[in-house]
Amino acid sequence: RARVCVSSQPGMWAERGEMLDGAMPAAANRSAVGSVDVVVGGAAAVEVSAEVVAANETLTADAAAGATYLVVLRGLSNPPATLELAAAFALRLVTASEETIAGEVADGACTPLAMTPAPLTYLNASLADARTSAATDLAVAFATANPLPESARLTLTLPPGFAVGADATARLDGATPRGCVVEAAASSTAVSVLCSGAALPAGAALTLIVSSVVAASTAQSTAALSLETATADGALIDAATALTAPLVVVPGTLELVEPPSFSDPRTGQPTSMLVAWRHANLVPDDATLEITLPGGFRLEDPSAPPAVDAPPVDALPISGLHPFDGSLSVEVAQTCFTAAASCSIVLSLRRAGGTPLPAGSAHALNVSGLLAPRAAYNESDSGLRLSTADAAGTPIDAFGCCAPVAVVPSELRNVTAALDDARAGVVTALHLAFSPSSVVPSDAVFRVVLPEGFEMPQRPPADPPSPPAPPA
């Protein structure tokens, strides 16, 4: 009557249990405590006595040499951290009097056990400054599945395009905050922090805050952030390979150097617009600049895009400008031809043949072939918008508000006035003739302000409409 002795690795354990009569039972019919099964040649033939760490199984009949044994320990609890299990478990076969029949398994003779970290309950992240390329604090909130030891290593892998600065610091906030030491190279996409403090139970809600994280240079919504918890010597405990909710990066700041200027700001007149701006991020040589014209501005030739060029910076009355090189292809992305100030035209300008525009540099473009709005206005937010995007159309920087624009009335030309009868106090007729210098819309109102002393009788009310005819 031989026994099979199974010794588990440190950190694993099994509770005492008994095997039921008959064949190997299904999991649903077994005791809630641990149990051990030994199968020889496909049939169960054991008397079970399970002990913590070591399990001794007594065979009920001799088994031939070379028979295949299967030892199953049920109810085993894995350690709370992954271990290096190079030789799996130690196995040996002994007689009832503890005489060894088969020696212990040598290291490497068994296939190593593959252990994986448990999944974190949740993983969320947010940026204190969510603009592109911002150097800011990243807060990563998570809940542990296993206890966290007094000294724990956390490894954070950032989404593509993100980086960690050389001066990064970290802390672990929760019911018991921990100080952390950052172990990361400059501009690395992965940061390892070693945090020390009181041991924390499973299910602890924590927030890892890392400073000097540089956001991606293009706007995006991404879940590609991962976090691993481990012991101080690197045995993994918990992990998550994606965020529960996406991390959002918004376009960076694009600001006007000064309000846009126009070669002719009068209503309805052909004009050109000079716009100068400064962008926060590098603009690639194949990037797109999108300009939304101020409200009411139209194309002089609706069948063709307007001309856009970069004037020589030394010829402009604006200091601090950098050259805008390369060529531009212009497309009209949206057009409307009403007189309303809210109507706008969007121009898409694709760069080619130039060099990348450095981050933080200022540039100017001139858009010609425009018509000023038909009606005058003076708005603090004219509706002018600018944005940059990469070749794939992913936003980089954007200007949202506000660009003041003043459109002044055009003059009336060839104005003459004449009275049918110029004698004082008589009733007469005044004849006004003029030529407007811009298009007069069909719903225009002619407003005449008479000199002091002239009186214009009120227009008599219109005759009421006739009643409907009675039915025949």
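Does F324 count as buried or exposed, and at what relative accessibility?

Modeller: F324 counts as buried, because its relative accessibility is 11% (buried is under 20% relative accessible area, exposed over 50%, partly exposed in between, with a 1.4 Å probe and protein chains only). Before going on, keep in mind that this is a predicted model, where local features need pLDDT of at least 70, side-chain atom pairs count only at pLDDT 80 or more, and totals for chains, interfaces and linings use all residues. Residues are numbered from 1 along each chain as its sequence is written, and side-chain values use heavy atoms, leaving out hydrogens and water.

Now, back to the ring. R351 has its charged end over the ring of F324, 5.1 Å from the centre (CZ of Arg or NZ of Lys within 6 Å of the centre and within 35 degrees of the ring normal).

F324 also has an aromatic partner. Searching the whole structure turns up 3 aromatic pairs (Phe, Tyr or six-membered Trp rings with centres within 6.5 Å; planes under 30 degrees apart are stacked, over 60 edge-to-face, the rest tilted). Among them is the edge-to-face pair of W277 and F324, with 6.1 Å centre to centre and 70° between the planes. W277 sits in strand 23 (residues 270-279), while F324 is in the loop between strand 26 (307-309) and strand 27 (327-334), so the pair ties together parts 47 residues apart in sequence (strands are DSSP E runs of at least two residues, numbered from the N terminus). W277 counts as buried as well, because its relative accessibility is 1%.

Take F434 and F446 for comparison: their ring centres are 6.0 Å apart and their planes are at 45°, so that pair is tilted. F434 belongs to strand 35 (residues 430-436) and F446 to the segment after strand 35, so here the parts tied together are 12 residues apart in sequence. F434 is partly exposed at 33%, and F446 is exposed, with a relative accessible area of 61%.

Returning to our ring, H363 touches both F324 and W277 (heavy atoms within 4.5 Å). Leaving aside residues up to four places away in sequence, its contacts also include V275, A276, H279, L321, H322, P323 and L357. H363 itself is in strand 29 (residues 362-371) and is buried, with a relative accessible area of 0%.

Definitions and conventions
Helix = DSSP H or I, 4+ residues; strand = E, 2+ residues; numbered from the N terminus.
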